[in-house]
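Have a look around before reading on.

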Amino acid sequence: MKVLVYDETGRAVQLDEPASKTLMQAIRDAGLHIVAQCGGSASCGTCHVYVEDAWCVKLEPPSEIEAAMLDFVEARSENSRLSCQIELSEDIDGLTVTLAPGSSLRNSAES
Ligand code: FES
């Protein structure tokens, strides 16, 4: 399945991943600069992404744990999600997201 990720520079990167991992794992495996400090347990908020509007309704809504963590992320938006909580599946082939500012290793190093 394919996922389009806009990185911290605005560059579009097409991922072609099996539907057996989380979005955070796919982004990390592609070598993009994502912090994802807690490794996927929804406890750090540094895998924050913005989901393109058309895809928001196609994803499962955030769990209580994810929603609670999203309250603490930098630059939260209505389309904010934790990429470690999004399981890739063929149902969301073509998903498009943008790395949020607090999730970029490059931005973190600059701040
Ligand atoms: S990796 Fe920490 S919340 Fe997703």
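1. A charge counts as sitting over a ring if NZ of Lys or CZ of Arg is within 6 Å of the ring centre and within 35 degrees of the ring normal. Lys58 does this with Trp55: its charged end lies over that ring, 4.5 Å from the centre.

2. Some ground rules. This is a predicted model, where local features need pLDDT of at least 70, side-chain atom pairs count only at pLDDT 80 or more, and totals for chains, interfaces and linings use all residues. Residues are numbered from 1 along each chain as its sequence is written, and side-chain values use heavy atoms, with hydrogens and water left out.

3. Now the inside. The largest nonpolar core has 29 residues; such a core is a set of buried (under 20% relative accessible area) Ala, Val, Leu, Ile, Met, Phe, Trp, Tyr and Cys residues joined through side-chain atoms within 4.5 Å. Leu23, Ile27 and Leu95 have the most contacts inside this core. Among the elements that each supply at least two of its residues are strand E1 (2-6), helix H1 (23-29) and strand E5 (95-99). H1 gives the largest share, four residues. Helices (H or I, at least four residues) and strands (E, at least two) are DSSP runs, numbered from the N terminus.

4. What does Leu23 contact, leaving aside neighbours within four places in sequence? With contact meaning heavy atoms within 4.5 Å, the list is Val3, Val49, Ser83, Ile86, Leu88, Leu95 and Val97.

5. Tyr6 is found in strand E1. Not counting residues up to four places away in sequence, Tyr6 touches Arg11, Ala12, Thr96, Val97, Thr98 and Leu99.

Definitions and conventions. Buried means under 20% relative accessible area, exposed over 50%, partly exposed in between (1.4 Å probe, protein chains only).
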